[in-house]
Amino acid sequence: MGEQRYLQADCTFRPGEHTVRVTLARTALRVEVEAHCTADLWRGEFDAAFIEDLTRKTGNFKQFGIFCSMLESALMQSSESVSLELLTYADLETLRSRKVGAVAWPPRSTSSPLSTKRYLILIYSVEFDRIHYPLPLPYAGRLDRVTLVQELREELVQLRAQHLEETQHLRDAGACWMHCEAFPPTLQLAEAKTSEQRLQLRVKSLTTELASCRKGRRTSASMAPCSQERRSVSLESHRSSLCRPSLRSPSPAGSRLPRFDPTAFVRARQRRQKEAELRK
């Protein structure tokens, strides 16, 4: 979990369809839930200490990384042992009362800040028991779809341009690889592939989120349940190397051409990168 990961899925909660967005980082978790028909938004940010303390209070402790993996599995519906629910504070109090066998208290006033909160419940089902991990999400108002769509479009354009630039660079490097006498460093090639895959995932996530916002705008106008629309962006992936052709000066007839020196090549590449960073 060294890099941030963006997840999004449409889920059916009471009273209708919602979009759940999750941002996973090494020591932080961000959760956002949007109601399709009202555009109401709830958002919460949690650090690793909060999550681990929350799980400890339930009697079934989970490390932060394990909890994030469980949340991802529940969102992607890839495991039958974990699931999600969205509850109000009154629903949560009723659930707690049933668990301990006590009488539920009357619901709080609708003007209370707790009444506007929502709780995304991660349910872990084990043999003979179900553990509920509630994530409190304060009310964040109604989503300004016009502004959000514009921001998503701008970010998507920037990412696509960056991806095309890197793809072109990889194509050029791949073309010159045929003229090299040695393979490029394996680590640099792996980093290039990882960077390209990360850009593709981010572009796909933004495209899905943009499609969801457009769908939400149509639903908000009619105040009717929104149909799910999924779009994906298929980006061309090219396998390539990062070497550049070595420059050679003409040699006298009959003399042997100097062999390619990988160490000198790597040092020269590092020097060019430092010069480029200094120019920036």
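Predicted model: local features only at pLDDT ≥ 70, side-chain atom pairs only at ≥ 80, totals over all residues.
Just after helix α2, glutamine 77 takes a positive phi of about 55°. Residues are numbered from 1 along each chain as its sequence is written, and side-chain values use heavy atoms, with hydrogens and water left out.

First, the overall picture. The protein has 7 helices and 8 strands; helices (H or I, at least four residues) and strands (E, at least two) are DSSP runs, numbered from the N terminus. Of its 280 residues, 38% are buried. Buried means under 20% relative accessible area, exposed means over 50%, and partly exposed is in between, with a 1.4 Å probe and protein chains only. Taking contacts with a separation of 6 or more, 63% are between residues 24 or more positions apart, where contact means heavy atoms within 4.5 Å.

Now back to α2. This helix covers residues 64–76, which is 13 residues, and it reaches 18 Å from its first C-alpha to its last, close to the 18 Å expected at 1.5 Å a residue. The expected span is 1.5 Å times one less than the number of residues. Which residues of α2 are buried? Phe64, Phe67, Cys68, Met70, Leu71, Glu72, Ala74 and Leu75 are. An α-helix has 3.6 residues a turn, so residues three or four places apart point the same way.

Glutamine 77 itself sits in the loop between α2 and β5 (82–87). With a relative accessible area of 66%, glutamine 77 is exposed. Most residues other than glycine have a negative phi. Alanine 39 also has a positive phi, near 65°. Alanine 39 is in the loop between β3 (28–35) and β4 (40–47). Is alanine 39 buried or exposed? Its relative accessible area is 6%, so alanine 39 counts as buried.

Next, the aromatic rings. Rings of Phe, Tyr and Trp (its six-membered ring) pair if their centres lie within 6.5 Å; planes under 30 degrees apart count as stacked, over 60 as edge-to-face and the rest as tilted. By this rule there are 4 aromatic pairs. One of them joins phenylalanine 67 and tyrosine 133, edge-to-face, at 5.8 Å centre to centre with 85° between the planes. Phenylalanine 67 lies in α2 and tyrosine 133 in strand β7 (residues 129–137), so this pair ties together parts 66 residues apart in sequence. Phenylalanine 67 has 0% relative accessibility and counts as buried, and tyrosine 133, also at 0%, counts as buried.

Then there are tyrosine 89 and tyrosine 119, whose ring centres are 6.4 Å apart with planes at 45°, so the pair is tilted. Tyrosine 89 is in helix α3 (residues 89–100) and tyrosine 119 in strand β6 (residues 118–126), 30 residues apart, and the pair links distant parts of the chain. Both tyrosine 89 and tyrosine 119 are buried.

Last, glutamine 197, which lies in helix α6 (residues 186–222). Glutamine 197 is partly exposed, with a relative accessible area of 48%. Its C-alpha is 9.8 Å from that of histidine 163, a residue 34 positions away along the chain.
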